[in-house]
Amino acid sequence: MKLLSVRNIEKRYGHKFNVTKAIDGVSFGVDAGEFVAIMGPSGSGKTTLLNCISTIDTVSSGQILLEGTDITKLKGAALSDFRRKNLGFIFQDFNLLDTLTAYENIALALSIQKIVPDRIDERVNAVAKQLGIADVLEKYPYQMSGGQKQRVAAARAVVTSPRMILADEPTGALDSKSAKMLLERLSYLNQRRGATILMVTHDSLSASYASRIIFLKDGKLFYQLKRGQASRKQLFGKILRVVATLEEGQGDAR
Amino acid sequence: MLARLSLANIRRSLRDYAIYFCTLVIGVAVFYVFNAVSSQAAALPLTAGGSHVAKVLGDALAAISLFVAAVLGLLIVYASRFLMKRRNREFALYLLLGMSKRQVSTILLVETLIIGIGSLGVGLVVGVLLSQLMSGLVASLFDASMGAYRFTVSHDAITKAVRNFAIMYAIVMLLNRRAVARMKLIDLMQSERRSEQVRLKNPVLCVVVFVIGVALLALAYIAVTLEPLAITGAALTIHIIIGIIGTFLVFWSVSGLFLRIVMSMRDVYYRDLNCFTFRQVSSKINTVVFSMTVICIMLFFTICMLSSAFALRNGMYANFRDRCPADFEVRHAPIAMGSEEHVAYDDVVERYARYGFDVRAPLADCVHFHTYSDPSLSFVGGRSAASGMAPEAYGSGGDTEIIRVSDYNALRALFGREQLELGEGEFAIICDFDKGRAFYDRMLKDGSQLEVFGRTLSSRYRQSQDGFVDLSSMRSNAGIVVVPDDAVDEAGASIDRVIGNYAVQDGGQRQGIEEQCRAERDAVEGQMDAEADAGTLQGSYFIRLITKDQIVSESITSGALMTFVCLYIGLVFLVASGAILALRALTDSVDSVSRYETLRKIGVDDRDIDRSLLIQTGLFFLLPLLVACVHAVFGMRFMMAFITLVGVESVFGSIALTVLIILLVYGGYFVATLAGSKRIIEAGVRSA
């Protein structure tokens with residue numbers, strides 16, 4: 001069974017006579033342990049798709065199953081319960097709590113899961129080591145660089161060992177060096193810890209770290225690319241070609 | 001166009017303005033209600049004395065109103081400046097769009113006008129309605145029957161409220177205008193980008209400051225409770241200032257200290273949302289140390305003032321019913337000019353008769369008697385150090401009065417109390433003032449004997465007996481010795497008295513009699529002065545006339561005065577405290593919306609967020625109240641020293657009433673703030 005299966009979902013905005021489809025009949029699946037990137041130009045519906053999967057937004061029709069549970073049917077306390085237990089989030093603007101230290105930001109993800117305070121320390125330290133942020137744990141967000149903040153956010157997302165990590169443009173606010181470091185850490189988590197990652201990005205280089213890339217255009221599935229045995233550089237080349245086709249198509253449409 | 005923008009602004013920032021607006025409405029309403037009291041009292045069927053009281057009360061409340069206007073003015077200026085600072089981005093947008101500062105100024109002016117006129121209008125309506133309830137309280141304070149209910153509107157109070165608040169709003173407008181003139185676009189734009197910096201205070205410094213703060217408070221506490229009656233006004237001011245400094249230092253250090261302590265308890269800190277909650281509370285308190293000190297002091301004064309005022313009022317009302325069981329007393333006493341000069345006693349009935357008056361004419365029943373004094377009176381044979389001490393040593397002043405048991409029992413019969421039993425060779429001490437009772441009780445317990453007029457008497461009772469001679473509004477008899485009739489020497493006769501009840505009890509006639517008695521007394525005194533000048537009267541005397549009606553009206557004056565003044569100031573302080581905290585907490589919630597969004601995104605339950613909000617708001621409101629309560633424990637001990645002088649035994653009921661008022665006003669602000677914060681956060685999350 002797939003870990004995640006998205007079945008023919010639609011997200012419609014507007015009224016009866018003027019409907020915009022942000023997502024128009026998208027279906028795909030994600031296996032446990034995969035690192036999937038979703039690419040597409042602005043307005044292709046990739047963030048909307050991620051929001052629907054992360055239960056922040058709701059779909060107009062279709063099903064999203066995570067380990068057999070239809071998450072589009074969840075409501076209220078069950079929804080936040082589900083989100084807390086099964087999903088980890090990394091956002092473009094980090095979304096760290098500015099009043100807490102890095103350590104406390106990571107620990108909070110555990111404490112809201114009612115994990116006993118004794119177990120928190122070892123887990124925070126372990127994940128901090130894996131993400132290379134052990135030396136900034138006592139700092140506040142305003143004292144850290146963007147890259148450090150994003151790695152703290154990544155640590156917060158994985159420390160609870162969620163079923164799936166959802167990342168929305170995680171490198172969007174980072175310089176290239178920090179971005180590279182973060183992506184290397186993410187693939188490390190993916191390969192060593194077996195974390196399943198679903199990442200939305202418009203950056204080809206970021207996408208080249210994934211094992212599979214799904215291209216969206218105008219709310220529809222446009223193309224899929226699998227890494228197979230290719231190296232990251234080779235994959236990057238392939239991605240660039242698909243993106244070129246995508247953008248060319250857009251040029252045609254204009 | 002600008003007016004429409006103003007209106008739209010107000011509607012949009014309703015969540016910021018709602019509490020501000022309500023506070024203005026309450027301010028106007030309270031202002032009206034208390035200024036309307038004097039006209040309400042004037043409408044009551046009061047006696048001449050009563051209307052005098054009403055006038056005094058009116059004058060006092062008018063004077064306090066100036067102070068209240070100043071407090072409310074400061075609150076309004078503070079709140080409007082605070083709300084304006086939060087709109088920097090909006091002003092920046094206006095200026096970027098090419099609006100002139102003049103136009104921005106106009107927008108603010110129109111906003112202030114709309115809010116001002118609105119709050120004044122609503123406040124006056126609320127005030128007029130509330131003052132109808134107040135008229136019942138006024139009537140009961142004046143001990144007058146309300147008569148038929150009438151709907152009253154005080155034009156004088158309306159004029160005053162409109163004038164005062166118009167001045168306050170005008171000041172706000174001027175200040176806003178100046179603030180706009182000083183705005184710099186770059187500052188406005190950059191103000192949004194301020195990064196939240198968490199500065200944890202140095203823990204060692206926190207501990208040191210906290211200890212110093214607590215030490216200062218302890219110093220002030222000890223100073224005011226050790227010997228309250230010996231403290232001068234200037235010393236009290238210094239102790240209060242020390243207390244305020246101590247309070248400030250405690251608030252400055254407590255949040256950091258508190259956070260450190262909680263952080264060291266990992267089991268608590270890393271449970272649920274606790275680490276977030278405590279950080280929020282700590283940073284919230286850190287930014288309002290000064291306001292919190294002011295609020296805490298205001299709450300402290302409110303608690304002490306209200307409790308004391310209620311206690312004094314209740315005490316007086318209870319006491320004069322008990323301690324003034326007859327209508328009329330004339331006391332004729334020689335004025336001793338130095339103790340060696342013994343002035344002969346003078347019979348007051350004969351003195352009146354000599355000038356053609358009958359002091360007993362208006363009285364249905366009365367007792368005519370005199371007391372004695374013996375400069376060599378002393379207690380002997382007791383075991384304690386107090387024995388042998390002259391009774392005036394504790395401050396009762398003058399020689400201790402001695403009364404014959406038959407006179408005293410006649411008086412008790414008149415008062416409708418049971419007789420005092422006294423055997424041959426025995427004495428008793430009557431007393432109803434706390435300090436005097438303590439002194440005599442100790443003496444009698446030790447088995448002291450009394451030496452008086454050359455005889456030695458032993459005490460019939462092991463303690464002083466509750467009793468008094470003079471009519472009074474309070475328990476003020478510090479001790480009178482009752483002896484067998486044959487134990488006194490007429491040479492020691494001292495103060496002559498006639499105590500009795502009027503023959504007529506009807507209100508109108510009674511007032512006439514009362515006025516006549518006063519006139520007669522004045523006439524007798526005039527004649528005596530003339531005789532003294534002519535040399536036919538040796539020594540000097542004074543005639544004191546005490547009547548129940550006078551005592552009642554005096555008690556009412558002080559009781560009503562204190563109650564109204566303290567209630568007035570207390571309410572305004574409570575409203576000001578609640579409003580400042582509410583504004584701070586609400587704007588803080590607006591600033592924290594993004595934090596709650598993050599919490600929800602990472603899967604925190606709404607329930608947990610609500611609980612965190614409750615703890616944050618609760619601690620924020622509770623902390624100043626808690627510190628104020630600790631202050632009040634000592635403040636009330638200080639006040640008790642004075643309250644017991646008036647003979648009030650218990651302040652429990654008064655404190656309970658005070659707590660109720662605080663719960664209503666301050667608690668109301670707390671509930672409103674909590675609901676407001678919840679709404680802000682939910683709205684913020686939904687829009688995200």
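Predicted model: local features only at pLDDT ≥ 70, side-chain atom pairs only at ≥ 80, totals over all residues.
A:Gly88 stands opposite A:Ile165 of β7(A), and the two strands concerned, β6(A) and β7(A), the latter made of residues 164-168, pair in the parallel sense over four bridges.

That pairing belongs to an open sheet of six strands in chain A, whose order is β6-β7-β8-β3-β9-β10 and whose pairing is mixed. The edges are formed by β6 (87-90) and β10 (220-226) of chain A, each of which pairs on one side only, and from one strand to the next the twist averages 20°. Helix α1 of chain A, residues 46-53, packs on this sheet, where it touches β3 (35-39), β6, β7, β8 (197-200) and β9 (212-217) of chain A, and its direction makes about 150° with that of β7(A). A further helix of chain A, α2 (residues 76-86), lies across β6 and β7 of chain A and runs at about 75° to β6(A).

Over all chains, the count comes to 44 salt bridges.

The next topic is the interface between the two chains, A and B, in which 26 residues of chain B are in contact with 28 residues of chain A. Between them the chains bury about 2600 Å², with 56% of it on carbon and sulfur atoms. The count between chain B and chain A is six salt bridges, including one in which the side chains of A:Asp121 and B:Arg266 meet at 3.7 Å, N to O, and eleven residue pairs are in polar contact between these chains, both residues being at pLDDT 80 or more.

On the side of chain B that touches chain A, the elements giving two or more residues are α10 (266-269), α11 (274-286) and α17 (548-601) of chain B, and the largest share, five residues, comes from α17(B). By class, this side of chain B has eleven nonpolar, four polar and eleven charged residues.

Key. Residues numbered from 1 in each chain as written. Chains lettered and ligands numbered in written order. Heavy atoms only, no water. Pairing = 2+ DSSP bridges. Axes fitted to C-alpha atoms, helices over the stretch in contact; angles between N-to-C directions. Contact = heavy atoms within 4.5 Å. Buried area = accessible area lost by both parts, 1.4 Å probe. Salt bridge = Lys/Arg side-chain N within 4 Å of Asp/Glu carboxyl O. Polar contact = N/O pair within 3.5 Å; in protein donor to acceptor, adjacent residues only side chain to side chain. Nonpolar A, V, L, I, M, F, W, Y, C, P; charged D, E, K, R; others polar.
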